[in-house]
Amino acid sequence: MQWTKVLGLGLGAAALLGLGIILGHFAIPKKANSPAPQDLDLEILETVMEQLDAHRIRENLRELSREPHLASSPRDEDLVQLLLQRWKDPESGLDSAEASTYEVLLSFPSQEQPNVVDIVGPTGGIIHSCHRTEENVTGEQGGPDVVQPYAAYAPSGTPQGLLVYANRGAEEDFKELQTQGIKLEGTIALTRYGGVGRGAKAVNAAKHGIAGVLVYTDPADINDGLSSPDETFPNSWYLPPSGVERGSYYEYFGDPLTPYLPAVPSSFRVDLANVSGFPPIPTQPIGFQDARDLLCQVNVSVYNRLELRNSSNVLGIIRGAVEPDRYVLYGNHRDSWVHGAVDPSSGTAILLELSRVLGTLLKKGTWRPRRSIVFASWGAEEFGLIGSTEFTEEFFNKLQERTVAYINVDISVFANATLRVQGTPPVQSVVFSATKEIRSPGPGDLSIYDNWIRYFNRSSPVYGLVPSLGSLGAGSDYAPFIHFLGISSMDIAYTYDRSKTSARIYPTYHTAFDTFDYVDKFLDPGFSSHQAVARTAGSVILRLSDSFFLPLKVSDYSETLRSFLQAAQQDLGALLEQHSISLGPLVTAVEKFEAEAAALGQRISTLQKGSPDPLQVRMLNDQLMLLERTFLNPRAFPEERYYSHVLWAPRTGSVVTFPGLSNACSRARDTASGSEAWAEVQRQLSIVVTALEGAAATLRPVADL
């Protein structure tokens with residue numbers, strides 16, 4: 001699909017209107033009696049909050065998770081049609097909706113030769129075989145469409161060797177085994193989830209000559225140590241002993257054959273032999289029930305295969321009335337490993353309810369947003385954020401120029417204790433404003449904000465005690481938007497009380513036990529937490545799409561930059577000084593940013609008190625929108641793919657500061673002055689300084705060239 005066609009109906013139909021808006025609303029001076037510009041309507045906001053229905057969300061989830069819907073499967077395509085039907089509904093649909101298809105490389109286990117893990121005796125006879133499927137405890141785990149547990153993109157092979165326990169599969173774990181005199185060459189490594197990424201376990205193992213990797217979920221990490229059948233699902237929310245976490249072991253995101261290009265017919269595709277990022281050795285996940293039985297010689301047989309498959313994104317669009325060329329994106333992926341009630345259908349259930357409520361207001365003629373709203377259902381996320389990445393590759397320039405923010409709601413409810421938001425600093429203000437006005441689920445009369453601050457908080461030098469926002473890694477579809485495009489992004493969910501569980505994630509994650517009944521009985525009976533997330537996301541969407549002044553507060557970046565600077569001074573300053581590297585330019589750059597961000601905030605406050613020309617506001621809003629882009633440098637991290645954001649790239653160094661500087665110092669620490677490693681430290685410092693100076697320049701009045 002050409003996305004221009006999706007917006008084209010709206011933009012084309014509104015061409016004359018748009019011309020009038022631009023000429024009449026922006027360029028022509030306003031008379032004293034001109035009508036007030038379209039702004040956030042609090043009555044509409046309240047109506048949306050009231051109409052978001054927990055029961056409807058529950059029924060959405062029941063339908064979405066009724067059958068397994070692995071990416072590119074027939075059921076996945078059925079859900080594409082369901083979304084299109086909903087978004088084209090004459091009474092509650094959107095302005096337009098269309099699916100776009102990409103041909104992408106996916107990985108599946110062989111149906112003819114299932115993957116197996118066997119314990120073999122001295123003569124090669126099989127003593128014990130691990131379970132190939134999970135126990136069918138509710139009748140939903142044994143269906144023909146339940147994919148066998150496997151490590152997506154792991155190569156085929158049949159390694160056999162002695163078993164060695166390698167903890168998390170991190171590089172230091174294998175080095176510790178070598179220190180103990182354990183021979184690793186030709187062995188099979190048993191590792192547990194967590195610590196490092198899935199694919200990294202196989203990469204690290206292969207460096208030490210290991211022939212194959214097994215990965216299991218430790219009940220200590222997700223079950224609070226509980227492991228017996230009567231203590232686990234369906235009797236509680238904990239993972240049964242046979243549960244196996246599926247997942248992608250591809251180290252990058254996007255289609256493996258078309259990096260930086262959309263997976264459309266005209267694009268160049270890398271030869272399969274030259275694809276990087278796949279696990280180098282056979283890898284297979286198993287349940288902790290089987291992990292306890294693996295004591296000696298093990299044979300691992302992996303028969304995964306790679307296939308080109310069609311996978312679709314679905315877009316639904318509400319055209320903006322005043323600024324249709326400014327987009328507020330709200331998305332979630334559609335595909336799951338099995339039934340996927342929590343991941344991802346809890347988010348899609350909310351997506352459908354939000355679009356229903358807004359679509360109904362739209363069709364009644366009650367409301368149309370100031371800016372365009374784009375709802376997105378991404379395909380093949382579980383294989384490596386493929387649908388969203390292909391979308392950002394195909395529409396890179398348009399999205400960078402026009403997107404206000406990206407809102408991601410994937411797993412909407414991990415548990416029902418409190419809100420959890422991850423995001424870049426400019427979105428903090430709009431999330432706080434939204435959550436202060438919404439009642440928290442449960443007893444009492446706390447707002448979501450007041451409940452949130454009880455569980456996750458920090459002390460701000462500007463605001464005092466506030467809820468803490470987490471940073472964005474690469475765990476969901478926000479990744480290409482923030483790291484590749486530099487679009488202010490957030491991820492919204494409800495989660496657990498960390499004082500009551502040590503769970504790494506909700507226990508049935510990526511298993512066949514992630515079902516509707518699991519959510520309905522254990523995670524969120526009554527669906528009040530789902531409703532709370534829907535209201536939070538809905539309020540944020542309306543504030544971003546309708547507010548005359550964009551509610552992005554760039555001065556909130558100042559706290560992050562000052563924190564990073566102080567960490568660099570305290571933990572790296574002396575080391576850098578030994579190698580004649582000064583942090584002076586970085587100090588100056590941070591101070592420049594702080595001053596310009598404060599000045600811009602003051603200009604906005606002054607304009608808000610008067611009756612500003614809409615063109616002035618448009619220019620200011622563009623400064624707010626484009627700030628995040630100034631932190632991109634596509635050459636900053638040549639060893640990474642898609643990571644261009646100099647503040648949020650992966651950090652491997654121990655110092656919590658600018659990631660490029662932290663990583664470079666970590667690598668250079670034990671090398672001599674004048675080495676390439678120290679030259680890289682200087683390069684990374686220059687990259688950060690240049691980015692901050694560019695950011696400060698972007699915040700200055702636009703007439704100041």
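Select helix α5 (74–87): with three residues, α5 gives the most to the lining of the second largest pocket. Helices here are DSSP runs of H or I with at least four residues, strands are E runs of at least two, and both are numbered from the N terminus. The model is predicted, with local features requiring pLDDT of at least 70 and side-chain atom pairs pLDDT 80 or more, while totals for chains, interfaces and linings use all residues. Residues are numbered from 1 along each chain as its sequence is written, and side-chain values use heavy atoms, without hydrogens and water.

Next, display the pocket itself, which holds about 600 Å³ of space. A pocket is an open set of points on a 1 Å grid over the protein atoms alone, where a 1.4 Å probe fits, with protein on both sides within 12 Å along at least five of seven lines; lining residues have an atom within 4 Å of a point. Points are joined across faces, edges and corners, and the volume is the space filled by probe spheres set on them. Of its 30 lining residues, Q111, P144, D145, V146 and V147 are closest to the centre.

Colour domain 1 (3–92 + 326–546) and domain 2 (110–303) separately: both contribute to the lining, so the second largest pocket lies between them. These bounds come from an automatic or database domain assignment.

Then move to helices α21 (659–668) and α22 (676–699), which pack at about 170° with axes 8 Å apart. Axes are lines fitted to C-alpha atoms over the stretch in contact, and angles run from 0 to 180 degrees between N-to-C directions.
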